[in-house]
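Below are a few numbered remarks for a colleague who will look at the coordinates alongside this note.

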Amino acid sequence: MKKFFKSIVFVFILLLLVETLTLVLLPGRNVKKYGVFEVAAYEILGEEENTIDVIAAGDSLVYSSLSPMEIWKHFGYTVFDCASAAQIIPDTYDFLKVGIKSQHPKIVLMEANVLFRDPAKKKQENKLLDYLKYYFPIAKYHDNWKKYITYGRKKNWANVYKGYKFINKVEPATEIHPMSGSKKRREIIKSNLQTFDDIVKLCEENNVKLVLVAFPTQSTWSSKKHNSTQDLAEKYGLEFIDLNLVDLGINWETDTKDAGNHLNYKGAIKVSKYIGNYLESTNILKDHRKDEKYKSYINAYRIYYQNHKEQLDKIETTAIE
């Protein structure tokens, strides 16, 4: 009995230490207002309130294709990638609920591929990992102790790349699969349509412009998906940007990290420039590059450039030539 009691005490103390350490490692802003667990799941809550112009939500095609720092550099707009691998649309909705509540963005870019992923087929191991990260945020932020020592508790270290994952790897696509031009449709799961309707209503209620986007890929997109997404966009009166049908100058030998499934940073720079031009064309957003209120992005771009100066300068030199 004594050993059992000691074991219970040990587990209790261990959990207490984990939760205490978690509070130290969480992003520095909006913790109290939006709750510890939400902060652990949504890095956008590490940003100052009402400083994000655009939320990009979706799966890994978002965080490998859209670089908020490139958009900041050329346009001065604040974009944040609320993306996760194999994201399902219920997660997209949850991301947007929290992001819109804390940031009141003017535009949401929603990756269309999540419309076609079956929530019921999400791998059980991913569910378990998500659960652990949700209730024990230290599982996600275990490396933040380095940033805590460097920057201190009050600084925002949640994600200096604003959700984007800088990928320098190159693995050429062995085959190129252009859009077939098929007139057929890929059926969208009924529950996904209902969740999408909830997303539309969420954006309407908060005066947010919702735009559907399909990011470039050689493996996870098709004309059938395009057609169904176009139908959905027309039904709701939304814009749909299919970047698989746009000549972005993507070189599938140099601009992909995994044989055409995702882009690397070279491809992301091209996509980000195009999206930045689109955002500019809406005449909704303002250039914040000289506004001290947006020092999070000013400082983030400095870090982004310092970390990747050689690659970024090479891209600029090539573009001039």
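Predicted model: local features only at pLDDT ≥ 70, side-chain atom pairs only at ≥ 80, totals over all residues.

Residues are numbered from 1 along each chain as its sequence is written, and side-chain values use heavy atoms, with hydrogens and water left out.

1. Helix α6 (residues 89–103) has 15 residues and spans 20 Å from its first C-alpha to its last, close to the 21 Å expected at 1.5 Å a residue, where the expected span is 1.5 Å times one less than the number of residues. Helices here are DSSP runs (H or I, at least four residues), numbered from the N terminus.

2. Among the buried residues of α6 are Ile 89, Phe 95, Leu 96, Val 98 and Gln 103, buried meaning under 20% relative accessible area with a 1.4 Å probe and protein chains only.

3. The axes of α5 (residues 68–75) and α13 (residues 295–307) come within 10 Å and cross at roughly 110°, the axes being lines fitted to C-alpha atoms over the stretch in contact, with angles from 0 to 180 degrees between N-to-C directions. That makes α5 roughly perpendicular to α13 (65 to 115 degrees).

4. Gln 311, in helix α14 (residues 309–320), is buried, with a relative accessible area of 18%. Leaving aside neighbours within four places in sequence, Gln 311 is in contact (heavy atoms within 4.5 Å) with Phe 166, Asn 168 and Tyr 265.

Definitions and conventions. Helix = DSSP H or I, 4+ residues; strand = E, 2+ residues; numbered from the N terminus. Parallel < 35°, antiparallel > 145°, perpendicular 65-115°, else oblique. Buried < 20%, exposed > 50% of the residue type's maximum accessible area, 1.4 Å probe, protein only.
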